[in-house]
Amino acid sequence: MTKINLNHFISSCESLETNKDYYLGYIKKYKSHINDSISNHSLEDFELFLNEYFDLNSKLEDQLLTSELLKINQIKYALLNERTHDFSLFWNDVYTYDELLEKYNKTTLMLRRLLFDLPDVFKKQAYDFLASISPFIINAAFDDPTNILGMEKQIYIILAKDCLIRQKYDHSSLYLELAKRV
Amino acid sequence: MNNHQFCFIICYNDDFYLEECLLYISNLIIPDGFTIDILTIKDAKSITSGYNEAMKTSDAKFKIYLHQDVFIVNKYFLINLLNIFNYNVHIGMVGMVGAPKINDSAIMWASPRIGGIFTRELMEKPYISELYETPETLGIVSVIDGHLMATCVDIPWREDLFDGWDFYDLSQSMEFRERGYNIVVPPQHQPWCLHDDGNILNLYNYNHYRKIFIKEYMSS
């Protein structure tokens, strides 16, 4: 297992402790803006606030980094691709930050069900859910640095086959394209 | 005390994650003659208070404390745990990841560790559940990581000192050691659990509890 740089880590923790209210204030403020953009389904605002947040995070030496906001940022990439390629948007049926995050977390958990030895009934639930979302969000989940997922190529091929059976041909061909790129 | 029961104790604040955690538990093979129980504590004030409340409620000999985002993927997990606890009466607690020694700064991640953690590389192989029958290969550690902690004896969690969500695991490890118990981590060909912690931890209170831990356990 990798070890961390001790002095750097302690220094970072001390900074987090000292500036906790300051950092949490920023996070709260941006979560509120992002929540509003999700409610309004404004992809422009969503992208703007996320970009601003991560710029600020860089200036503050990653002290604002949270796994939640990294996940939300991944969703941004998927939504932009969905819009460009005229797919139904992942956030169409959610209206808050928490709902969006929950749907994305569900995506990861359903993908993971395909990787482990679970009863068919649970895998079927996973296939049914994954068929309802675009390959772009699946790709975003695999690219997400906060996610522990694997066998990306194999999953794309399995999902391509499943989408063929469901007659979702545009999804199927996109999964095969993604599989080629892995 | 029910010597033939495992009790899973989970503090949670996310119904969806809890449901998924329980799904994997439902897939575990239960050793012959044993039963399982599950106690969940929603929105606990602190992890130690939640664990203490559940510990007092259950008379199961074997208690498994885990996070809502821990998925036990090895179907033989309970059988393996029994093999470990039955191997030596001095074994009081089992973890999935631990450090044989803790450094002076009390930061486990900066110390060499043993055990199993899923990485993206490890996720590239098909998963095969592992039956563990050679407890002589166990690693004895000073402290274990709190994502999963299994015990065969009840020792109160220090909610008087650790009233948040940090250092409860190192504290409990010390409490077990001070009472003469060994803490062990089994070797794992593939990790037995997947901890979905998002790779980036909430460390705003970490330093505060680190100082408390050092004062309580390392100052002498």
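Keep in mind that the whole thing is a predicted model.

**Chain B as a whole**

Let's start with the overall build. Chain B has five helices and twelve strands. A few overall values for chain B are collected here:

| Property of chain B | Value |
|---|---|
| Span of the C-alpha trace along the principal axes | about 45 × 35 × 35 Å |
| Radius of gyration | 16 Å |
| Buried residues | 45% of 220 residues |
| Contacts joining residues at least 24 apart, among those at least 6 apart in sequence | 81% |

What does the radius of gyration tell us about chain B? A compact globule of 220 residues would come out near 17 Å, so the 16 Å of chain B agrees with that picture. As for how the chain folds back on itself, take the contacts in chain B between residues at least 6 apart in sequence: 81% of them link residues at least 24 apart.

**Where chain B touches chain A**

Now for the meeting of the two chains. Chain B puts 28 residues into the contact, and chain A puts in 32 residues. On the chain B side, the elements that supply two or more residues are α1 (15–26) and α5 (206–218). Sorted by class, that side of chain B holds 15 nonpolar, seven polar and six charged residues.

**A closer look at B:S26**

Is B:S26 buried or exposed? It has 12 C-beta neighbours inside 10 Å, and a residue with 12 or fewer is exposed, so B:S26 counts as exposed. B:S26 also shows how sequence and space can tell separate stories: B:K75 is 49 residues away from B:S26 in sequence, yet their C-alpha atoms are 9.5 Å apart.

**Two packed helices in chain A**

Over in chain A, helix α2 (residues 20–39) packs with helix α3 (residues 43–59). Their axes are 8 Å apart and meet at an angle of about 165°. Angles over 145 degrees count as roughly antiparallel, which means α2(A) is roughly antiparallel to α3(A). The crossing of α2(A) and α3(A) is left-handed.

Which residues of α2(A) and α3(A) make the contact? From α2(A) come A:Y26, A:Y30, A:H33, A:I34, A:S37 and A:I38. From α3(A) come A:D45, A:F46, A:F49, A:L50, A:Y53 and A:L56. By class, this helix contact has nine nonpolar residues, two polar ones and one charged residue.

Key: Residues are numbered from 1 along each chain as its sequence is written. Chains are lettered from A and ligands numbered from 1 in the order in which they are written. This is a predicted model: local features need pLDDT of at least 70, side-chain atom pairs count only at pLDDT 80 or more; totals for chains, interfaces and linings use all residues. Helices (H or I, at least four residues) and strands (E, at least two) are DSSP runs, numbered from the N terminus. The radius of gyration is taken over C-alpha atoms; the globule rule is 2.2 Å times the number of residues to the power 0.38. A residue is buried if 20 or more other C-beta atoms lie within 10 Å of its own, exposed if 12 or fewer, and partly exposed in between; C-beta atoms are placed from the backbone. Two residues are in contact if their C-beta atoms, placed from the backbone, lie within 7 Å. Ala, Val, Leu, Ile, Met, Phe, Trp, Tyr, Cys and Pro count as nonpolar, Asp, Glu, Lys and Arg as charged, and the others, Gly among them, as polar. Axes are lines fitted to C-alpha atoms, for helices over the stretch in contact, and angles run from 0 to 180 degrees between N-to-C directions. Angles under 35 degrees count as roughly parallel, over 145 as roughly antiparallel, 65 to 115 as roughly perpendicular and the rest as oblique. A crossing is left-handed if the near helix is turned anticlockwise from the far one by less than a right angle, and right-handed if clockwise.
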